[in-house]
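I set out to read through this model strand by strand and then to look up its charged pairs. My notes follow in the order in which I made them.

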Amino acid sequence: MGIKGLTKLLADNAPTAMKEQKFESFFGRKIAIDASMSIYQFLIVVGRTGTEMLTNEAGEVTSHLQGMFNRTIRLLEAGIKPAYVFDGQPPDLKKQELAKRYSRRVDATELLTAAVESGNQEDIEKFSKRTVKVTKQHNEDCKRLLRLMGVPVIEAPSEAEAQCAALCKSGKVYAVASEDMDSLTFGAPKFLRHLMDPSSRKIPVMEFDVSKILEELNLSMDQFIDLCILSGCDYCDSIKGIGGLTALKLIRQHGSIEHILENINKERYSIPVDWPYEEARRLFKEPLVLADKEEPEMKWSTPDEEGLLTFLVNENGFNSDRVTKAIEKIKAAKNKSSQGRLESFFKPVTNSSAPVKRKETPANTGKETSAKKSKGGGGRKKK
């Protein structure tokens with residue numbers, strides 16, 4: 001889910017903190033990518049029609065491999081250096097949200113069955129997507145593929161977004177790419193949405209700058225985290241009746257959740273029983289991430305041609321000629337990206353993306369294209 005309504009809240013209240021960028025403008029940039037979010041996108045888009053999915057001869061779904069392979073090649077061809085970060089063990093506080101997601105998938109499965117029986121194609125399309133879940137096998141398949149492509153894979157101890165943000169804060173990558181806005185709540189200095197969207201959608205990449213967000217909202221980072229918790233996050237329920245705009249007004253007026261709770265009209269707003277906002281705040285401020293010495297080296301290496309052919313063609317039914325041509329694209333892209341960005345030849349300037357520090361006292365000033373079977377060579381449809 002991420003942070004509910006945060007994109008619109010920022011568009012309305014911190015518009016200069018977000019700007020449209022061309023996909024190609026990130027040439028030479030190292031980008032940490034939330035892998036599970038990308039895999040989920042591929043599963044609901046690539047080669048999917050209704051309940052049908054792209055599979056190999058053994059009937060195993062290959063949509064995630066098709067999407068990850070094609071999309072990563074496009075990133076590399078644009079001179080972008082992607083590093084994929086995979087989720088680890090979710091924090092205990094997220095178990096309630098995961099249980100809700102499971103319940104929604106169960107409900108969607110029942111509604112999908114009814115839609116199939118009635119022949120309602122619109123509902124079949126809608127509910128079939130809601131039944132999709134990224135499995136451990138999907139993740140392992142993509143890790144193997146990426147390593148064979150010579151692309152870095154990082155396994156986070158807990159939340160991938162938190163690990164991505166840590167890599168960005170330490171300067172190891174330029175930005176974090178995901179669709180979940182909580183990357184900003186974890187403090188990622190630069191955040192990108194739509195980087196992994198299909199090229200056919202022609203949607204510009206949206207770049208967010210957290211220091212400008214804090215400056216425009218007139219909040220400290222701690223206050224921004226409280227704002228996100230009040231708006232609605234994965235770690236705890238929100239206060240019924242308080243959305244993003246109201247949360248912003250309350251944070252500006254009272255400065256923190258504690259002061260809001262002391263002054264809020266409890267008859268108008270119902271505060272959840274045993275509301276663990278303090279633990280949620282701690283998870284955003286001090287998430288479980290790899291220490292510097294634990295982080296694997298981020299190295300973009302030459303693709304393993306034999307390994308890719310074995311995995312994609314022999315094991316997953318991809319077209320041999322297309323995979324061979326794709327490997328040539330990867331090798332050509334590696335040579336291209338080694339040129340680096342122009343500014344790398346000049347003296348680096350001071351990092352302006354560090355969060356602006358502000359007082360904690362209240363301030364009263366005023367969120368692949370369907371790779372067709374004929375293009376991907378990766379199998380047939382599965383009902």
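**Entry 1: the strands around β8**

I began with strand β1 (residues 18–21), which is joined to β8 by four bridges, the two running antiparallel. For these entries I take strands (E, at least two residues) and helices (H or I, at least four residues) as DSSP runs numbered from the N terminus, and I call two strands paired if DSSP finds at least two bridges between them.

I note that this is a predicted model, in which local features need pLDDT of at least 70 and side-chain atom pairs count only at pLDDT 80 or more, while totals for chains, interfaces and linings use all residues. Residues are numbered from 1 along each chain as its sequence is written, and side-chain values use heavy atoms, with hydrogens and water left out.

Looking for the partner of Met18, I found Phe208 in β8. I then turned to strand β7 (residues 190–193), which pairs with β8 in the antiparallel sense over four bridges, and here Phe191 stands opposite Phe208.

Is β8 covered on one face or on both? I found both faces covered, with Val205, Glu207 and Asp209 buried on one side and Met206 and Phe208 buried on the other. I use buried for under 20% relative accessible area, exposed for over 50%, and partly exposed for what lies in between (1.4 Å probe, protein chains only). Five of the five residues of β8 (residues 205–209) are buried, so I regard the strand as largely enclosed by the rest of the structure.

**Entry 2: strand β2**

I next looked up β2 (residues 30–34), where four of the five residues are buried. Five bridges join β2 to strand β4 (residues 81–86) in a parallel arrangement, with Ile33 opposite Tyr84. β2 also pairs in the parallel sense with strand β6 (residues 175–177), over three bridges, and there I found Ala32 opposite Val176.

**Entry 3: helix α10**

Helix α10 (residues 221–231) is mostly covered, with ten of its eleven residues buried; among them are Phe224, Ile225, Leu227 and Cys228. I checked what these buried residues pack against, counting contact as heavy atoms within 4.5 Å, and the list includes α1 (6–13), α9 (210–217) and α13 (277–285). After the helix comes Gly232, whose phi is positive, near 125°.

**Entry 4: salt bridges**

How many salt bridges does a search of the whole structure find? I recorded 16, taking a salt bridge as a side-chain nitrogen of Lys or Arg within 4 Å of a carboxyl oxygen of Asp or Glu.

Asp209 lies in strand β8 and Lys190 in strand β7, so the pair ties together parts that are 19 residues apart in sequence. Both Asp209 and Lys190 are buried.

Lys172 forms a salt bridge with Glu295, their closest N and O atoms being 3.5 Å apart. This pair links distant parts of the chain, 123 residues apart, with Lys172 in the loop between α7 (160–169) and β6 and Glu295 in the loop between α13 and α14 (305–314). Lys172 is partly exposed at 29% relative accessible area, whereas Glu295 counts as buried at 14%.

Last, I looked up Glu155 and Arg147, whose side chains meet in a salt bridge (3.2 Å, N to O). Glu155 is partly exposed at 42%, and Arg147 likewise counts as partly exposed, at 47%. I noted that Glu140, Lys143, Arg147 and Glu155 are linked in a network of salt bridges.
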